[in-house]
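User: I would like to go through the terms used for this structure and see what stands behind each of them. Please set the values against the definitions.

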Amino acid sequence: MMRVFKTAAGAVAAAALMVTALSAQAADYKEEYKVSTVVPAPFPWGLAAEKWVELVRERSDGRINMKVYPGAQLVSGDQTKEFAAMRQGIIDMAVGSTINWSPQVKELNIFSMPFLMPDYAALDALTQGPVGKELFSIIEKRGVVPLGWAENGFRELTNSKLDVKTPADLNGLKIRVVGSPLYLDTFTALGANPTQMSWADAQPALATGAVDGQENPLSIFTVAKLQNVGQKHVTLWGYVADPLIFGVSKRVWETFTPEDQDLLRKAAVDAGVYGVEVARKGITAQDDSTLKDIEGMGVTITRLSDAERQAFVDATRGVYEKWAKEIGPDLVKTAEESVANR
Ligand code: X2X
């Protein structure tokens with residue numbers, strides 16, 4: 001709306017008001033925005049978060065200052081509370097795993113559906129297609145603004161006891177899982193003895209032998225040096241993958257100008273591209289250097305034939321069907337179509 005000022009003094013007063021309004025806005029920005037993650041750099045997850053911080057700092061000429069707080073320390077290590085804390089504005093921002101947010105956003109369990117995604121193309125078809133779009137709209141309705149995707153990775157099975165080739169090999173093995181009940185169902189269906197604990201508790205539990213095994217991407221295995229806590233047997237089964245989401249508490253989001261919202265979003269997308277690249281490094285068909293490094297440390301890597309893998313698919317089919325109902329049959333159907341048409 002245009003306003004006509006009757007006097008020059010009126011125009012000056014109006015301009016002064018605008019200047020006050022603008023500086024008030026800048027003053028509203030926090031000195032530091034806290035970004036929660038579970039693991040720090042040099043894990044690919046931490047690298048993605050640091051890249052976001054760096055890009056935002058550069059592109060805002062230092063006006064927006066973020067800092068990564070790893071170890072889920074902003075929620076006392078309880079990574080499954082990260083989403084709730086962000087929604088409440090206790091955490092400003094996070095680069096979070098879909099698994100850790102799934103207790104509050106049950107639809108995110110889609111990535112934990114056993115054997116839904118056979119390869120990276122399938123994972124990309126979900127995050128970059130209609131499923132990703134739908135999930136982002138659900139997350140936003142729950143009080144967190146999602147900005148982009150990065151990646152923890154395909155989660156492989158490791159243990160201290162034996163080479164696991166068949167579901168029967170898992171019989172009675174104590175396996176640490178993350179805090180989504182879907183994982184309890186999957187490992188129970190496979191005859192294992194799953195127990196839920198945070199990542200902080202998992203490492204001592206592996207070291208003392210309180211649990212025999214765990215599942216995590218190979219980048220977590222190598223950076224955390226899980227071979228040193230007895231994990232000498234790795235089975236490549238790629239049963240699930242957890243993408244990471246860059247998110248901002250809605251309360252915090254609304255304090256940014258539209259230009260800065262755009263800046264934060266673009267920086268998250270760019271940091272996500274980098275994050276996916278580092279997450280896949282060394283574990284693809286073209287470059288399997290990480291697998292060779294792991295074998296070089298005296299760890300056996302079991303690669304399943306199609307028939308061997310199918311036995312795991314069959315054993316977890318009931319879990320898949322049960323959780324399709326929990327997650328929402330329509331979303332699961334869309335996901336299956338995206339995978340089929342990838
Ligand atoms: O706790 C785990 O296993 C980890 C680090 O992968 C997640 O936070 C999902």
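This is a predicted model: local features need pLDDT of at least 70, side-chain atom pairs count only at pLDDT 80 or more; totals for chains, interfaces and linings use all residues.

User: What makes β1, α2 and β2 a unit, and why is it called right-handed?

Analyst: β1, helix α2 (residues 44-59) and β2 form a β-α-β unit of the right-handed kind. The word applies because, with the strands pointing away from the viewer, the path from the first strand over the helix to the second runs clockwise.

User: Which bridges link β3 to β1 and to β10?

Analyst: Strand β3 (residues 93-97) pairs with β1 in the parallel sense over 2 bridges. Here Ser36 is opposite Ala94, and Val35 is opposite Met93. With β10, β3 pairs in the antiparallel sense over 5 bridges, and Gly96 has Ile245 as its partner there. β10 is also joined to strand β4 (residues 144-154), by 9 bridges in an antiparallel arrangement, with Glu151 opposite Pro243.

User: Why is β10 called largely enclosed?

Analyst: A residue is buried if 20 or more other C-beta atoms, placed from the backbone, lie within 10 Å of its own, exposed if 12 or fewer do, and partly exposed in between. In strand β10 (residues 241-249), 9 of the 9 residues are buried, so the strand is largely enclosed by the rest of the structure. Ala241, Pro243, Ile245, Gly247 and Ser249 are buried on one side, and Asp242, Leu244, Phe246 and Val248 on the other.

User: What about β3?

Analyst: In β3, 5 of the 5 residues are buried, so β3 is largely enclosed too. Met93, Val95 and Ser97 point one way, Ala94 and Gly96 the other. Over the protein chain, buried residues make up 44% of the 342 residues.

User: Is Ala200 buried, exposed or partly exposed?

Analyst: Ala200, in helix α8 (residues 199-208), has 16 other C-beta atoms within 10 Å and is therefore partly exposed. Not counting residues up to four places away in sequence, Ala200 touches Gly71 and Gly77; a contact means C-beta atoms, placed from the backbone, within 7 Å. Ala200 and Val38 are 162 residues apart in sequence and 8.9 Å apart in space, C-alpha to C-alpha.

User: What makes up the shell around the ligand?

Analyst: Residues count as near a molecule if their C-beta atom, placed from the backbone, lies within 6 Å of it. The shell consists of Val38, Val39, Gln79, Ser97, Ile99, Asn100, Asn152, Val178, Trp199, Asn216, Ile220 and Asp242. By class there are 6 nonpolar, 5 polar and 1 charged residues, where Ala, Val, Leu, Ile, Met, Phe, Trp, Tyr, Cys and Pro count as nonpolar, Asp, Glu, Lys and Arg as charged, and the others, Gly among them, as polar.

User: How do you know where the ligand lies relative to the domains?

Analyst: Domain 1 (30-153 + 243-280) and domain 2 (156-240 + 284-340) both give residues to the shell, so the ligand lies between them. The bounds come from an automatic or database domain assignment. The domain centres, taken over C-alpha atoms, are 23 Å apart. The contact takes 36 residues from domain 1 and 30 residues from domain 2.

Note on methods: Residues are numbered from 1 along each chain as its sequence is written. Helices (H or I, at least four residues) and strands (E, at least two) are DSSP runs, numbered from the N terminus. Two strands pair if DSSP finds at least two bridges between them. Two residues are in contact if their C-beta atoms, placed from the backbone, lie within 7 Å.
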